[in-house]
Amino acid sequence: MKKIAVVGTGYVGLVTGVGLSHIGHEVTCLDIDPVKIDLLQKGCSPIYEESLEPMIQENQKQKRLSFTSKYEDIQDAEIVLIAVGTPQQPDGSANLTYIFQAADRIAKTINQEVTVVVKSTVPVGTCQRLRNYIQDRTPFSVQMVSNPEFLREGNALKDLFEGDRIVIGSDNPEAIQKVMEMYAPFDIPMMTTDLASAEMIKYASNAFLATKISFINEISSICEKVGANVEAVAKGMGMDRRIGSSFLQAGIGYGGSCFPKDTKALVQMAGNVKHQFDLLESVIHVNNKQQNKLVDQMKERFGSLVGKRITILGLAFKPGTDDLREAASLVIIDRLLREGALITAYDPVAMPIAKEHFPAVTFPANVKEALTGAELAAIVTEWEEFKELPLDLYEELMEEAILFDGRNCYSLEEVMEQNMEYYSVGRPAVGHTKSATLTHEA
Ligand code: UGA
């Protein structure tokens with residue numbers, strides 16, 4: 001078992017650190033934010049991730065997991081994982097300030113040979129620069145490994161324990177060996193390569209997944225116009241094993257802290273080496289268009305939205321998280337407020353954060369209260385709670401049952417049994433009475 005330090009207790013760092021302690025390593029997680037560390041020392045998770053908190057407490061009890069904000073406490077770690085944020089700069093490139101700050105502190109603290117493992121998403125070439133940067137500041141030998149993470153928020157522990165692959169990039173065979181030993185108990189296929197390729201695997205993977213989403217979203221827009229159903233189309237495509245069925249769920253676009261940031265960073269990186277990444281630029285453009293889709297549909301249906309009582313169901317960028325970063329809800333609510341609509345918004349977990357963003361929005365206690373008296377409603381995040389909602393509630397509670405479903409939560413068959421007007425993504429509209437139809441009849 002190894003003595004491991006993890007620098008940065010955001011999503012990636014915390015989940016990885018807790019998981020590594022769970023398989024028996026002695027792990028110290030460090031963060032410069034004392035408030036976060038205080039919470040963690042008390043066994044509380046600062047992020048919403050299923051099963052994480054009990055796992056923190058269990059491993060703290062077993063004395064395998066500790067939290068600190070002092071670099072001295074990690075000076076004798078044989079492996080140091082860096083998992084600090086690389087936020088987006090205005091030009092789309094990654095801000096590496098935090099990573100170099102962490103590298104500086106690590107270099108000044110360590111008192112023995114160390115393997116530094118970069119988990120943060122960093123532009124290709126950064127790990128090599130980091131190795132030189134740390135090596136220049138310490139007399140001890142530094143080995144550098146790029147080990148990108150593929151965790152999904154809301155599914156992070158499962159992805160850690162049952163991931164498809166672990167990518168380990170380094171020019172140093174001993175460092176690769178050490179990191180392979182660290183991960184061995186997970187029993188996940190490992191792929192070894194050089195530093196630059198490992199860094200690129202992360203960007204290329206996220207860019208490809210974003211491409212799949214924008215692709216199916218473009219297909220969905222055409223489906224609406226030619227009377228096809230995008231769900232059937234995605235199912236038929238996905239049965240081809242070369243295509244695969246995942247990430248073909250049409251909707252109002254991707255959000256979160258990763259896809260929007262990483263796609264823009266890759267476009268920027270390509271530009272730096274004089275390559276115009278036309279395909280990825282279009283993927284980003286399509287996504288921006290898609291996040292505006294529901295409001296476009298509403299305007300097409302109603303013309304003016306001034307004074308309309310609109311209920312937004314779902315705020316988080318996807319279910320299972322309270323994360324609002326780059327969420328479609330932000331774009332939608334912003335625009336609706338500018339259109340003069342009166343907004344009520346409900347989300348099972350993301351409301352406390354949303355309240356800070358939108359002082360002009362009403363946040364009710366539950367979904368029933370949210371729908372009561374609304375003139376139209378829109379599903380923005382596909383929480384189970386919304387999927388399980390009895391459909392007759394829309395008619396019962398709303399002034400008129402008009403629903404814009406940005407995540408295709410209901411089957412057209414069940415909607416057709418209701419007395420409601422229903423618009424979704426890439427599927428024929430149901431029950432629309434006005435001449436301003438959104439789709440051509442099949
Ligand atoms: C994503 C990747 O899936 C992870 O592998 C990666 O580690 C992570 O980014 C990262 O780079 O840190 P995450 O952002 O947590 O993970 O969320 P996803 O579950 O991938 O969903 C991203 C967005 O795509 C969501 O807004 C979701 O609604 C949307 N999406 C996903 C679709 O619109 N359609 C789909 O078929 C799938």
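1. Leaving out residues up to four places away in sequence, S146 touches V118, C127, V167, I168, G169, L195, A198 and E199; contact here means heavy atoms within 4.5 Å. S146 sits in strand β6, residues 142–146. Helices (H or I, at least four residues) and strands (E, at least two) are DSSP runs, numbered from the N terminus. S146 is buried, with a relative accessible area of 3%; buried means under 20% relative accessible area, exposed over 50%, and partly exposed in between, using a 1.4 Å probe and protein chains only. As for E49, 97 residues from S146 along the chain, the C-alpha atoms of the two are separated by 25 Å.

2. A word on the ground rules. This is a predicted model, in which local features need pLDDT of at least 70 and side-chain atom pairs count only at pLDDT 80 or more, while totals for chains, interfaces and linings use all residues. Residues are numbered from 1 along each chain as its sequence is written, and side-chain values use heavy atoms, with hydrogens and water left out.

3. Now the whole chain. You can find 18 helices and 13 strands in the chain. Its radius of gyration is 24 Å, close to the 22 Å that the globule rule gives for 442 residues, so the chain is as compact as a globular protein of that length. The radius is taken over C-alpha atoms, and the rule is 2.2 Å times the number of residues to the power 0.38. Along the principal axes, the C-alpha atoms fill a box of roughly 75 × 45 × 40 Å. Of the 442 residues, 54% are buried. Among contacts between residues at least 6 apart in sequence, 71% join residues at least 24 apart.

4. Next, a sheet to trace on screen. Its 5 strands form an open sheet in the order β10-β9-β11-β12-β13, with parallel pairing; two strands pair if DSSP finds at least two bridges between them. Strands β10 (342–346) and β13 stand at the edges with a single partner strand each, so one side of each is left without a neighbour in the sheet. From one strand to the next, the twist averages 20 degrees.

5. Strand β11 (residues 376–379) is joined to β12 by 3 bridges, and the two run parallel. Opposite D405 in β12 stands I379. Helix α12 (residues 293–302) lies across β9 (309–313), β11, β12 and β13, running at about 150 degrees to β12. Axes are lines fitted to C-alpha atoms, for helices over the stretch in contact, and angles run from 0 to 180 degrees between N-to-C directions.

6. How many aromatic pairs does the structure hold? There are 9. Rings of Phe, Tyr and Trp (its six-membered ring) pair if their centres lie within 6.5 Å; planes under 30 degrees apart count as stacked, over 60 as edge-to-face and the rest as tilted. Y394 and Y410 make an edge-to-face pair, 6.1 Å centre to centre with 75 degrees between the planes. This pair links distant parts of the chain, 16 residues apart: Y394 in helix α17 (residues 392–397) and Y410 in the loop between β12 (402–405) and α18 (412–416). Both Y394 and Y410 are buried. Y410 also forms a tilted pair with Y422, at 6.3 Å centre to centre and 50 degrees between the planes. Here too distant parts are linked, since Y422 belongs to strand β13 (residues 421–423), 12 residues from Y410. Both Y410 and Y422 are buried.

7. F161, Y183 and F186 form one aromatic cluster. R137 lies over the face of Y133, 3.6 Å from the ring centre, and R165 lies over the face of F150 at 3.5 Å. A charge sits over a ring if NZ of Lys or CZ of Arg is within 6 Å of the ring centre and within 35 degrees of the ring normal.

8. Is I168 buried or exposed? At 0% relative accessibility, I168 counts as buried. I168 lies in strand β7, residues 166–169. Beyond residues up to four places away in sequence, I168 touches several residues, including V145, S146, N147 and V179. I168 and V179 are 11 residues apart in sequence and 7.6 Å apart in space, C-alpha to C-alpha.
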